[in-house]
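Thanks for making time this morning.

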Amino acid sequence: MVSLRKTILRDPKASPQNVSNDFQTFYYSQTLDHFNYRPQSYKTFQQRYVISFKYWGGANSSSPIFAYFGAEAPLDLDLAGIGFLTENAPQFKALIVYIEHRYYGQSIPFGSMTNALKKKGLRGYFNSAQAIADYAEVLLYLKKKLSAESSPVIVIGASYGGMLASWFRLKYPHVALGALASSAPILYFDDITPQNGYFSIVTKDFEEASKSCYETIKQSWSAIDKVAAQSNGLSLLSKRFKTCRQLERSSELKSYLETLYTNAAQYNQPPTYPVTVVCGGIDGASNGTDILRRIFMGVVADLGNRSCYDIDVLNYPPETILGWSWQTCSEIVMPIGRGHNDTMFPAAPFDLNSFAKECEEKYGVPPRPHWITTYYGGHDIKLILHRFASNIIFSNGLKDPFSSGGVLENISSSVVAVYTVNGSHSLDLLPSKQTDPEWLIMQRKTEIKIIEGWLTKYYADFLAFR
């Protein structure tokens, strides 16, 4: 079975960048439980949100609010790593707001993630419905505080945050005029998307980059098993891959390589294109080089020449691991797996029974695998949403493995799919660069034109109904 950390949607290589001085940090006394009336429900915690007033036209002009929804990580990376809001706010004279997801970063009830997850009675408040209710409460509070009740709100999110943005528009249309949901795999639940959708796209990305690279990777798993079966096999593998510590199981090396390949595909961004870099290392080895040496050269090409390679270096921050583990063991049950010979990876089917057993052993409660589609929908999405929903952009890049669970066709005239053939995970929201290809520039322009249309209609309606 694919380990839980393989379904985390963030780039583990991302590092904090310099944050603009235009951002001001605030804390909101957030309600612990929005949906019950027990005494504990009324407890509060401090939820972090960050605002830039730099471009805002003010409440008197009903200038819009761009609200970015934090996801399964601290907010810090988003402040510098997401360029869409700051680059487009001047055109719309928009207020920029970033809101941190409960139980991450500085918005953790009960002190720390470890403490919050340790107690059974506290974990239950850590879910997506509570999170988007948090966002609604913060946004309504801000609109009132700033006397901006007539300022329309556009919510924006990437990956899991994109899922939250689309669900928010469905659940809170009175708060958000529209949503931009970037790389949001809202259809990777139940049996809507084939289990192997994610790994099929990873495989396709590598095969399109280099057929020989793809074949080498596909053959490497049995080569690893063959060496591992020797009496000193793990020691040999540790030396061959220059691991910083002795391998205890061959599965550690396989997991490490799998993560390297999936990250390369998921974040296969221009101008470097990590898949091409990895395959360049694998294919660049001299004639006669054995498979494992070729694979190692792919690692070197991706991570650079090092004295040793930490097999845990591609893991995510402990806080994200802890939080996402709980979320996937409770409600975000994405059945990502793969069968025999349907990808370049060894078989690892998703088995709900064994997954549920693991979760119950870890947390004392089984997952609710069908809750997401019960609460937010997903089945027959075009039939259901083409009349009910409005003003949602589902943006995707088809090189992104998570696009297999994304919305890739228009549902209605205002619930639209904007995708690029060569795009990767949430690439449209990243800061623009001079080296950006024309297809990426056009994707962003299309999104802005759609949002501009939403706002134009809103202001016309606002005048008509006053």
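P271 sits in the loop between helix 10 and helix 11 (274-283), where helices (H or I, at least four residues) and strands (E, at least two) are DSSP runs, numbered from the N terminus. Before I go further, please note that this is a predicted model, in which local features need pLDDT of at least 70 and side-chain atom pairs count only at pLDDT 80 or more, while totals for chains, interfaces and linings use all residues. Residues are numbered from 1 along each chain as its sequence is written, and side-chain values use heavy atoms, with hydrogens and water left out.

S62 counts as buried at 8% relative accessibility, and S159 does so at 2%; buried means under 20% relative accessible area, exposed over 50%, and partly exposed in between, with a 1.4 Å probe and protein chains only.

Let me turn to strand 6. How many of the residues of strand 6 (residues 178-182) are buried? Five of its five residues are, with G178, L180 and S182 pointing one way and A179 and A181 the other. Strand 5 (residues 153-158) pairs with strand 6 in the parallel sense over five bridges, pairing being called when DSSP finds at least two bridges between two strands, and in this pair I156 stands opposite L180. Between these two strands the chain passes through helix 6 (residues 160-171), and the β-α-β crossover is right-handed, which is to say that, with the strands pointing away from the viewer, the path from the first strand over the helix to the second runs clockwise. Strand 6 also pairs with strand 7 (residues 392-397), again in the parallel sense, over four bridges, and there S182 stands opposite S395.

Now to the charges. Side chains of opposite charge can pair when their charged atoms come close. A search of the whole structure finds 16 salt bridges, each a side-chain nitrogen of Lys or Arg within 4 Å of a carboxyl oxygen of Asp or Glu. One of them joins R102 and D134 at 2.6 Å, N to O, and this pair links distant parts of the chain, with R102 in the loop between strand 4 (95-99) and helix 3 (113-118) and D134 in helix 5 (residues 128-145), 32 residues apart. R102 is buried at 0% relative accessibility, and D134 is likewise buried at 0%.

R338 and E258 form another salt bridge, their closest N and O atoms being 3.0 Å apart; R338 lies in the loop between helix 13 (318-330) and helix 14 (352-363), E258 lies in helix 10, and the two are 80 residues apart. Both R338 and E258 are buried.

Is R245 buried, partly exposed or exposed, and what does it meet? R245 is partly exposed, with a relative accessible area of 32%, and its side chain meets that of E252 in a salt bridge of 3.1 Å, N to O, E252 being buried at 12%.
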